[in-house]
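Subject: Structure handover

Hello,

Here is the structure I promised to pass on. Please open it next to this email and follow along.

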Amino acid sequence: MHASAQHEAGAAQSGAVVSDVMQAIAEHKGCGTSGGSGKASCGSAAGQNDLPTEIWEKVKNHPCYSEEAHHHYARMHVAVAPACNIQCNYCNRKYDCANESRPGVVSEKLTPEQAAKKVLAVASTIPQMTVLGIAGPGDPLANPEKTFKTFELIAKTAPDIKLCLSTNGLTLPDHVDTIAGFNVDHVTITINMVDPEIGAKIYPWVFWKHKRYTGVEAAKLLTDRQLLGLEMLTERGILAKINSVMIPGINDKHLVEVNKAVKSRGAFLHNIMPLISAPEHGTVFGLTGQRGPTAQELKALQDSCEGEMNMMRHCRQCRADAVGLLGEDRSAEFTTDKIMTMEVNYDLDTRKAYQAKVEEERVAKVVAKQEELSTLAGEMSDIKLLVAVATKGSGLINEHFGHAKEFQVYELSTAGAKFVGHRRVDLYCQGGFGDEDNLETVIRAINDCHAVFVAKIGGCPKGDLQKAGIDPVDQYAHEFIEKSAIAWFKAYLDKVNSGEIEHVERGDAEIRQGALISAA
Ligand code: CLF
Ligand code: SF4
């Protein structure tokens, strides 16, 4: 971007504005918030009213811990941890750890030295990459030497990158002090139950201290270790995120209890993810025909837990070598072959300068949203509805309908626009050669939405969307998502109030199963 003197002056000034507005966001429970409706929708929700400033500082640039940040900042994973010490019925070891990735893709395994090189290569190419996570392909803490060696190398060579870790928790209590020693601020534990009877239906065995445990005994051991590990993280001020896989008929109702149990032990954020299960994954649940939840079921559970604590709704169940913004995957650009020949130019100043620009965009987005929100003041309607958005990031409506790999979903009400999830879809590019099946897939994925916001859309899909009762909206192309959605909602309410249209409820939608992106 161009940096004229005038612009630099603006940037300096905007430094103050950034902190003011971010403070305002914080006080307003931030990111993607529902404004005034209790807990914010996102991981972070962050606020001075909820959180001390130092915690906000930790989460504000972490794309998983802050929904608002995930539009702007990227993470990367390095697949250095192949082994696992438990078995989950939704996991096939052929693929990455399903607690933090989706089945169907396999990551290229790296040594800690290769991983450190990869981090520098990505950091010099993608300056908005702020977080390095280790999330598999097995369990990072079942491979402690490789995991901590990787952290050690990266802490030395790229000290501005936040370190992050995701574990099943079995050996977490043994490693909490080492984790704290590396200044890791963010740890995820996958907790699917706090009742061993339910756990026995999810975990056939765990392997601990040279012994294999099965059934209820195994699940009891696992839950005790997970909760102990969580308490130890909380004592040390490490932000713990809890991932839970929603398995209808097994732990769906029970996850409300899990939510209470983890909240009372100081968890910062709860991420309830849908089970991804298909026979071709070769998992126990895939083979027994265990289904995953629908979009409505998932949202209802997330909503019911939201009063208790911050809920993450923007998780992409990424693979163990994912690179990029959460909605994209640039891992194919950084295979071992490619990074070994890449010229790496890790420059902290360039990264900082880029991130300062990102902060300006963030502020502009929030200011625009707040202004638009004020137009809803005094509206008394109870209407709540969903809209889908095609975006490439930066909080803008900047993707062509036909190029969208996923749609972000916002709930609109008189309280504003709240991010409530995303839907993966097949790449649908009409370009004059529309594929009906793919368009049907898109419609099934966003069937619960009243409108879809796009940068551009062809005539054919437009007509089909309208027939399906979904309004294709391209009048806000390249504008901010939340501001545009609020403006559209205001116009919608005006039409309902004047009798021009009647508000009708929409149906359910499908959460698309399986991998979108093939292995690198
Ligand atoms: Fe990775 Fe996980 Fe850290 Fe994020 S992912 S280790 S907390 S940096 Fe994020 Fe990916 Fe969801 Fe994980 S979107 S699967 S929650
Ligand atoms: Fe698979 Fe992860 Fe469970 Fe281990 S912890 S069995 S790798 S899903």
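Strands (E, at least two residues) and helices (H or I, at least four) are DSSP runs, numbered from the N terminus.

Some ground rules. This is a predicted model, in which local features need pLDDT of at least 70 and side-chain atom pairs count only at pLDDT 80 or more, while totals for chains, interfaces and linings use all residues. Residues are numbered from 1 along each chain as its sequence is written, chains are lettered from A and ligands numbered from 1 in the order in which they are written, and side-chain values use heavy atoms, with hydrogens and water left out.

Confidence

pLDDT is the predictor's confidence in each residue, from 0 to 100. The mean pLDDT of the protein is 84, and 84% of its residues reach 70 or more. Over residues 1-49 the pLDDT is below 50. That stretch still has 109 contacts in the model beyond near neighbours in sequence. Contact means heavy atoms within 4.5 Å. Residues 428-436 also have pLDDT below 50, with 17 contacts beyond near neighbours in sequence.

Back to E12

Its side chains go two ways. Leu-385, Val-387 and Val-389 point one way from E12. Leu-386 and Ala-388 point the other way. E12 pairs with strand E13 (residues 406-413) and runs antiparallel to it, joined by five bridges. Two strands pair if DSSP finds at least two bridges between them. Val-389 has Gln-408 as its bridge partner in E13. E12 also runs parallel to strand E15 (residues 449-453), with four bridges. There, Ala-388 stands opposite Val-452.

A three-strand sheet

Look next at the open sheet with the order E2-E6-E7 and antiparallel pairing. Strand E2 (86-87) and strand E7 (211-214) stand at the edges. Each has a single partner strand, so one side of each is left without a neighbour in the sheet. Two bridges pair E2 with strand E6 (residues 205-208) in the antiparallel sense. Val-206 in E6 is the bridge partner of Ile-86. Helix H7 (residues 215-235) packs on the sheet and touches E2, E6 and E7. The direction of H7 makes about 105° with that of E7. For such angles, axes are lines fitted to C-alpha atoms, for helices over the stretch in contact, and the angles run from 0 to 180 degrees between N-to-C directions.

Helix H3

Helix H3 (residues 112-125) has 14 residues. At 1.5 Å a residue it should span 20 Å, and its end C-alpha atoms are 20 Å apart, which agrees. The expected span is 1.5 Å times one less than the number of residues. Buried residues of H3 include Pro-112, Lys-118 and Leu-120. Among the elements that cover the buried residues of H3 are strand E1 (74-77), helix H4 (144-157) and helix H12 (348-374).

Met-246

Met-246 is found in strand E8 (residues 239-246). Why does Met-246 count as buried? Its relative accessibility is 4%. Its C-alpha atom is separated by 5.1 Å from that of Pro-274, 28 residues apart along the chain. Not counting residues up to four places away in sequence, Met-246 touches Asn-251, Leu-255, Ile-272 and Leu-301, among others.

Salt bridges

The structure holds 29 salt bridges. A salt bridge is a side-chain nitrogen of Lys or Arg within 4 Å of a carboxyl oxygen of Asp or Glu. Asp-224 forms one with Lys-220, the closest N and O atoms being 2.6 Å apart. Both lie in H7, four residues apart, about one turn of the helix. Asp-224 is partly exposed at 39% relative accessibility, and Lys-220 is partly exposed at 40%.

Asp-464 and Lys-467 meet in another, at 3.4 Å, N to O. Both lie in helix H14 (residues 459-467), three residues apart. Elsewhere, salt bridges that share partners join Lys-299, Asp-303, Glu-306, Arg-313, Glu-411 and Lys-418 into one network.

Best wishes

Terms used:
Buried < 20%, exposed > 50% of the residue type's maximum accessible area, 1.4 Å probe, protein only.
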